Amino acid sequence: MSGVFSPTRAKIKERTLRTDKWWLEPAITFGVLFSFVIYATFRAFEGANYFTEPLISPFYSPCLSQACVEGSTLFGWAPVSAKVLGFALSPALIILIFPLGFRMTCYYYRKAYYRAFWLSPPACAVAEPHTKYTGETRAPLILQNAHRWFFYAGLVFNVFLTYDAILAFQGPIEKGSKIMEWGHFSVGTLVLVASSSLLWFYSLSCHTCRHTVGGRLKHFSKHPFRYKLWTTVSTLNTKHQQFAWFSLAAVAFADIYVRQVSTGAWTNFYFF
Amino acid sequence: MTRKLNLRIWRGDSTDGGLKDVVVDVNEGEVVLDVIHRVQATQMGDLAVRWNCKAGKCGSCSMEINGKPRLACMTQVASFDEGETITVTPLRAFPIIKDLVTDVSFNYKKAMEIPAYEHPTELAPGEARMEQIDVERSQEFRKCIECFLCQDTCHVIRDHEENKPVFAGPRFFIRIAELDMHPLDRLKNRKRTAQEEHGLGMCNITKCCTEVCPEHIKITDNAIIPMKERVVDIKYDPARMFSGLLRREKRD
């Protein structure tokens, strides 16, 4: 018997005496994250319906495989063979590790999924079911310390996705034409701009970003510019949880939108 | 206006114990500690409860109220529904002494394990000067009243007694952070010892310590995560790894 049932502690048989709906938040988190994982897995393996001029799904950008459909690669650059070790690999699977790694090691998501999926603990002052706990001191959870690596990679991805959003300001020179010109604005443009903007807010509000720009300093007074940056990022950081959810939803919706337009289920409406 | 309140209080010691139901008068504006004192004065003369300032500043009356770690002197009875039974138990992370009093000496032992501030040898007493922006981060942590609610709610020790020897807990992570962020502290290895001796790596950032802190110290965001990032600086940072600085740090 360990934990709250240890022999030296007050003898109370309940795992928790909380009377509020402590289970609601982890249940919602579980439902939303699990749904996203199922959908993202399906889309990552689908390998189709991710590009329709001028829109590309954020799940597939940058498209680096020779299997990428025409026009979807970054400046025509496709360094990865269509088949890796004899297997046809969806272009999304090549790049998925970077955004996935960034979110998996994110300090906010760690709280969310440790509570909702691993029940460690399910909520504050609610006894967890595990008999042993070593935290993030050994493999595999020690890999959470790689968050900084994924943060840097995530910034590079944000640049690519911002470029995709800029490309979305193109439109056909006339209805039905395949020839594109600049200066148009569609629902797709809005969706990609919102998605890439929220990803920037999510990345820049990150705890690692806060640390990198100035948090590691002992003497703010000797680095006034970095102090200013740190205070700005600290302000954003208080909303990191919200940015995490909104950016996740925006990326998922951007992918759904591109897929629907690509399959012809939806029409990309142009405001001008 | 006086009304009746249904209260369940844990009574017992290290050998046995259980929840006892009482009905007690409660007046408008009273806090849970007031009600416990009334029970002590009128119905349970031998009820053990630790308290002192009744102002949320001494950290003595920490207990669990309806399962949540809280200060009894800062918990308004009016914050519960009328007719709701309020359950009061001792802190469940520490050994029980009697009734609502627990043995929190674990925390004092941990406090002794944290190396003290090390003043620069070249500065004589009175010569130290710091600017406000350099000390304000540490000042947040000085608000701690040592109620140990964060320690009580931390599942690393609450749910795993065996981790107590190797885990200092959130209260002492803010102490380590306070010193590591101190502009004049000269002790060099706080980050490494935080990780390797005080169990910083065991924290999985579930933020319960922040949720229960009566002083609203952002324990996780402003102390634990920054300390984890400082550990990454010296142990796992890609730029430092590639530049070889990591090895130099280790030699230091």
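I kept one caution in mind: where pLDDT is low, the predicted coordinates should not be read in detail.

I noted that this is a predicted model, in which local features need pLDDT of at least 70, side-chain atom pairs count only at pLDDT 80 or more, and totals for chains, interfaces and linings use all residues. Residues are numbered from 1 along each chain as its sequence is written, while chains are lettered from A and ligands numbered from 1 in the order in which they are written.

For the complex, I read an ipTM of 0.94 and a pTM of 0.94 from the predictor.

Next, chain A. I found nine helices and six strands (DSSP runs numbered from the N terminus: helices are H or I, at least four residues; strands are E, at least two). The C-alpha trace of chain A spans about 80 × 50 × 40 Å along its principal axes.

Then I turned to the two chains together. I saw 45 residues of chain A in contact with 50 residues of chain B (C-beta atoms, placed from the backbone, within 7 Å). On the side of chain A that touches chain B, helix 4 (107-116), helix 5 (147-167), helix 7 (207-215) and helix 8 (224-237) each supply at least two residues. Helix 4 of chain A gives the most, with five residues.

Key
Two residues are in contact if their C-beta atoms, placed from the backbone, lie within 7 Å.
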